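Subject: Structure for your review

Dear colleague,

Here is the structure I said I would pass on. My notes on it follow below.

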Amino acid sequence: MGHRKKLRTVIDILKCLTSNIKATLSTKRNTKIRIAVLRATTARNSSSPPSDNGIAAIISFGRGSRLTACALIEALMDRLHGTKNPSVALKCLFTIHSIIKKGPFILKDQLSFYPSFGGRNFLNLSKFRQDSDPERWELASWVRWYATVIEQNFIVSRFLGHYLNSSCSSNNSKDKEDKASALLNKDLLGELDVLVDFVEVICEAPDSLHLQRTNLVYAVIRYAGEDYRIVQREILIRVVELKDRMASLSCNELTQLLGSLKRFEDCKERLRLLFVNRARNDALWELICGTKLKIMEMGKLKSLVKMERTDGSGELTRFRERFGELRQLVRLNSGGGWLGMDRVPALTMSTML
């Protein structure tokens, strides 16, 4: 098994060298771009993430024309979809995530619309498999999960109207609070749902957490943790706003809010294991718990009010029935009979008496 693994590593390195040679000898104007992509995502040092210099070289192409940015994203996607090596695929995804976090708008724009207006699975790695050995099989599961995390990042960004990792997303919390306060209840609840969806995707990380010992997987987890911290802040803003509006929320809206909070709370233990308490934010969890209790108390109150109204309606109905019976005893002034009763001759009545 050890000899086979070494042989496979050598083959991967040779493939990488061949790709570099082809890119170097190519006469296409995008040669520099493809060489930069290959160097950043090399099969060498398979357990290490792309170097800072490699990422910087990739991002530098975003300072040129839109055509150059488009060529870079195309080369990166070709590299991602053309490899069967989980380490290379993870490095490609890490590079994409780095562009999302640090790259200029023009590169993010090209990524978000790749290949045609994006999509839930635009990275198309849900079927990525590598079962040549147990380690690669486990790494392949990390590739599938990480691709889903990046896709969800773009979905949330589209829903919120700004890139989740942009500087305006990390700062200016007052502006975001003002924006949240201007939203309709349904829009605010919709954003909260999408943010909780993202947290649930993060919690679907593979169970092989021991692979965090490798620098590459550790770097991937670190990036996912940074995204989660941003999502925490976004969730906090919306829960605070919805808690302030709670008295005006309908029963359906309260139910939707309670469902989102419960889904988020169900992620707590998995998040603790994944990030080893690095992103605890106890104040947020206390807010979630307090808001849930308040919703349930309001639900009980509304149920009591409904019951009281029902009881009151029943009492009114019974009063009307009794009043109807009393009306039958009202004497008619003309005819000497009784309302609701057949008229009987006086002789017969006296006889009965």
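**The loop between α6 and α7**

Serine 126 is partly exposed, with a relative accessible area of 45% (partly exposed lies between buried, under 20%, and exposed, over 50%, using a 1.4 Å probe and protein chains only). This serine sits in the loop between α6 and α7. Helices here are DSSP runs of H or I with at least four residues, strands are runs of E with at least two, and numbering starts at the N terminus. The C-alpha atom of serine 126 is 8.3 Å from that of tryptophan 145, and the two residues are 19 apart along the chain.

Asparagine 124 is in the loop between α6 and α7. Its phi is positive, about 55 degrees, although asparagine 124 is not a glycine. With a relative accessible area of 53%, asparagine 124 is exposed.

**Where the model comes from**

This is a predicted model, in which local features need pLDDT of at least 70 and side-chain atom pairs count only at pLDDT 80 or more, while totals for chains, interfaces and linings use all residues. Residues are numbered from 1 along each chain as its sequence is written, and side-chain values use heavy atoms, with hydrogens and water left out.

**The chain as a whole**

The protein chain has 15 helices and zero strands. It has 353 residues, of which 45% count as buried. Its accessible surface is about 20,000 Å², and 56% of that belongs to carbon and sulfur atoms; the areas come from the Shrake-Rupley method with a 1.4 Å probe, and for residues only the protein chains shown count as cover. Among contacts (heavy atoms within 4.5 Å) with a separation of 6 or more, 78% are between residues 24 or more positions apart.

**Another asparagine with positive phi**

Asparagine 45 lies in the loop between α2 (31-40) and α3 (52-60). Although asparagine 45 is not a glycine, its phi is positive at about 50 degrees. Asparagine 45 is exposed, with a relative accessible area of 59%.

**Helices α5 and α6**

What covers α6? Helix α6 is mostly covered, with seven of its eight residues buried. Those buried residues are Ile106, Leu107, Lys108, Asp109, Gln110, Leu111 and Ser112. Their cover includes α3, α4 (66-82), α5 and α7.

Helix α5 (residues 86-102) packs on helix α6 (residues 105-112) at an angle of about 130 degrees, with the axes 8 Å apart. Axes are lines fitted to C-alpha atoms, for helices over the stretch in contact, and angles run from 0 to 180 degrees between N-to-C directions. The two helices are therefore oblique to each other; angles under 35 degrees count as roughly parallel, over 145 as roughly antiparallel, 65 to 115 as roughly perpendicular and the rest as oblique. α5 passes α6 in a left-handed crossing, a term that applies if the near helix is turned anticlockwise from the far one by less than a right angle, clockwise being right-handed.

On the α5 side, Ile96, Ile99 and Ile100 meet Leu107, Lys108 and Leu111 of α6. By class, that contact has five nonpolar, no polar and one charged residues. Here Ala, Val, Leu, Ile, Met, Phe, Trp, Tyr, Cys and Pro count as nonpolar, Asp, Glu, Lys and Arg as charged, and the others, Gly among them, as polar.

**Two buried serines**

Serine 98 is in helix α5 and counts as buried, at 0% relative accessibility. Leaving aside neighbours within four places in sequence, serine 98 is in contact with Ile55, Ile59, Gly103 and Tyr223.

Serine 157 is in helix α7 (residues 134-160). Serine 157 is buried too, with a relative accessible area of 5%. Beyond neighbours within four places in sequence, serine 157 is in contact with His162, Tyr163 and Leu164.

**Helices α10 and α12**

The axes of α10 (residues 185-203) and α12 (residues 251-266) come within 9 Å and cross at roughly 20 degrees. That makes α10 roughly parallel to α12. α10 passes α12 in a left-handed crossing. Residues making the contact include Leu189, Leu192, Val196 and Val199 of α10, and Leu257, Arg263 and Phe264 of α12. By class, the contact of α10 with α12 has six nonpolar, four polar and six charged residues.

Regards
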